[in-house]
Amino acid sequence: AVIWLGRALLALGGVGLVWLLAAGPMKHAFAGSTWLVAHTRPGRFGGGRDTALRPLDLNAPMLGSVTPSDFSWNVLASFDACIQCGRCEQACPAFAAGQRLNPKALVQGLVHAMGGAPAYKGSPAPLASAASGACGMHHPIVGADASIHPDTLWACTTCRACVQECPMMIEHVDAIVDMRRGQALMHGAVRPGAARALRTLRDTGNLAGRPPAERADALAMLDVPVLAEGGETDILLWLGDGAFERRYGQSLQALVKLMQRAGLRFAILGEAETDCGDLARRLGDEATFQALAHDVIATLAVRRFSRIVTADPHAFHALANEYPALGGAWQVQHHTALLDELVDAGRLKLSPQATGTVAWHDPCYLARYNGQVDAPRRLLRAACQNVVEMERHGLRAMCCGGGGGNPVSDVDAQERIPDLRMAQARQVGAQMVAVGCPGCTAMLEGVVGDRPEVRDIAELVLDAVVAS
Ligand code: SF4
Ligand code: SF4
């Protein structure tokens with residue numbers, strides 16, 4: 001009887017342990033340690049940055065994630081690792097603006113999708129459409145009758161603020177892009193605005209839908225050489241699709257004037273430049289991204305240069321970090337790094353100007369994606385007399401709202417993300433916001449009413465160089 005009693009207690013203890021690990025209070029500890037041991041981006045441990053999206057095998061039968069079973073086991077464990085601390089929710093610009101996205105609710109939606117928990121009842125996104133339908137490992141995750149409403153999926157700007165804050169190192173952006181890939185490539189279910197943007201991109205090779213020759217119009221008076229097939233230069237200046245806009249054209253003019261003053265040997269691609277595919281990739285259209293990337297790689301393979309410089313952090317990130325997996329590997333610099341280098345080497349002399357109080361707005365794809373927060377600040381202090389910091393700055397800066405395809409995805413909101421960002425600039429008395437991204441320029445300049453002036457850092461550096 002004693003032996004049988006012992007066996008029964010042992011069996012009971014075993015069942016209890018399994019319950020503790022599978023559904024009880026130990027679940028997050030077990031899932032969390034499993035996830036941290038089998039993390040998909042081990043390079044992040046010890047402060048490393050590993051932010052490039054992984055290429056998708058376009059010949060695979062399943063593209064992206066449509067049901068929970070399409071995620072790998074370790075990624076599924078990562079969703080269960082969420083301890084619902086809410087740090088991601090606090091950091092998310094889309095949530096702050098009242099868009100239909102709360103990253104904490106999204107992760108809990110994924111746990112629900114697996115059948116691992118009841119539908120999330122915590123603080124939802126302000127305008128969130130209800131989506132608490134059927135679930136299960138082989139049931140679609142995204143849909144009005146599923147676990148995550150499509151409105152939620154397309155509201156993300158891919159800013160990585162949630163990832164930066166998450167104590168469990170959950171990769172929200174990877175999960176979102178995986179689900180977007182499933183929607184875009186398996187169902188063709190992107191938002192109408194995004195579908196139009198992607199069509200324009202495929203038809204014309206740029207998002208503006210303009211003839212390729214017009215990309216360099218803003219530089220027409222500056223005699224910038226075009227790097228022809230078989231040609232050679234030191235620096236290839238990558239203009240990006242923002243070059244089609246008059247305002248960003250002014251930023252590029254300032255950058256070119258600085259490069260000419262520093263005596264650099266550089267050239268542009270002219271008509272041969274096409275979009276780098278950043279937007280297509282964030283929207284989940286990996287097929288368009290890879291097609292564009294292969295075109296770019298073929299174009300650059302027949303030209304010689306030492307490095308690429310660009311004033312577009314999205315192009316910088318894609319070319320520097322995401323193209324190597326597809327066979328294109330070059331030294332790539334954001335223009336703030338180049339200008340910082342030129343100032344440091346004494347090739348540009350600056351006299352700090354009385355611009356009024358100025359704050360640097362960190363672009364997500366430069367700061368959080370690439371950890372580059374010091375060079376722009378050194379430059380700004382060299383160019384302007386009165387520099388201040390916004391409360392959210394550096395790796396914790398707030399997104400302008402322009403990334404991840406958010407502006408073309410017909411996203412509803414209570415407020416605009418750039419309005420919130422400008423309010424943060426006003427809070428520290430900034431009369432000017434310095435930017436280093438065509439997307440940030442467009443979003444922040446789009447804020448109406450009395451607001452700080454918006455200037456690209458190259459424009460401020462040029463003023464300081466001219467005055468010295
Ligand atoms: S990446 Fe940015 S916008 Fe997307 S869920 Fe995370 S914090 Fe929100
Ligand atoms: S920060 Fe991470 S652990 Fe905390 S609620 Fe968000 S996803 Fe969960």
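**Sheets, helices and ligand shells**

Q: At about how many degrees to β4 does helix α15 run?
A: In this predicted model, helix α15 covers residues 335-344. It lies across β1, β3 (307-310) and β4. Its direction relative to β4 is about 85 degrees.

Q: In what order do the four strands of the sheet with β1 and β4 stand?
A: The sheet is open, and its pairing is parallel. Its edge strands are β2 (266-267) and β4 (332-334), each pairing on one side only. The order is β2-β1-β3-β4.

Q: Are α15 and α16 parallel or oblique to each other?
A: Helix α16 spans residues 374-383 and packs against α15 with the axes 9 Å apart. The angle between α15 and α16 is about 55 degrees. Angles of 65 to 115 degrees would count as roughly perpendicular, and those under 35 as roughly parallel. The two helices, α15 and α16, are therefore oblique.

Q: Is the crossing of α15 and α16 left-handed or right-handed, and which residues of α16 make the contact?
A: α15 passes α16 in a left-handed crossing. From α15, the contact takes T336, A337, L339, D340 and V343. The contact residues divide into six nonpolar, one polar and two charged. On the α16 side they are A375, P376, R378 and L379.

Q: Which residue of β7 stands opposite W360?
A: Strand β5 (residues 358-360) and strand β7 (residues 432-435) pair in the parallel sense. Three bridges link β5 and β7. Opposite W360 is A434.

Q: Are α11 and α19 parallel or oblique to each other?
A: The axes of helix α11 (residues 246-261) and α19 come within 8 Å. They cross at roughly 45 degrees, and the crossing is left-handed. α11 and α19 are therefore oblique.

Q: How many charged residues does the contact of α11 with α19 have?
A: α11 supplies residues including R247, K257 and R261, while E459 is among those from α19. By class, the contact of α11 with α19 has eight nonpolar and two polar residues. The charged count is four.

Q: How many nonpolar residues are in the shell around ligand 1?
A: Among the residues surrounding ligand 1 are C92, C156, C159 and C162. P93, L101, P103 and V173 are also included. Two shell residues are polar and one is charged. The nonpolar ones number nine.

Q: Which residues around ligand 2 are the closest?
A: In total, 13 residues surround ligand 2. By class, its shell has eight nonpolar, three polar and two charged residues. The closest are C82, C85, G86, C88 and C166.

How values were computed:
Residues numbered from 1 in each chain as written. Chains lettered and ligands numbered in written order. Predicted model: local features only at pLDDT ≥ 70, side-chain atom pairs only at ≥ 80, totals over all residues. Heavy atoms only, no water. Near = heavy atom within 4 Å. Nonpolar A, V, L, I, M, F, W, Y, C, P; charged D, E, K, R; others polar. Pairing = 2+ DSSP bridges. Contact = heavy atoms within 4.5 Å. Axes fitted to C-alpha atoms, helices over the stretch in contact; angles between N-to-C directions. Parallel < 35°, antiparallel > 145°, perpendicular 65-115°, else oblique. Left-handed = near helix turned anticlockwise from the far one by under 90°.
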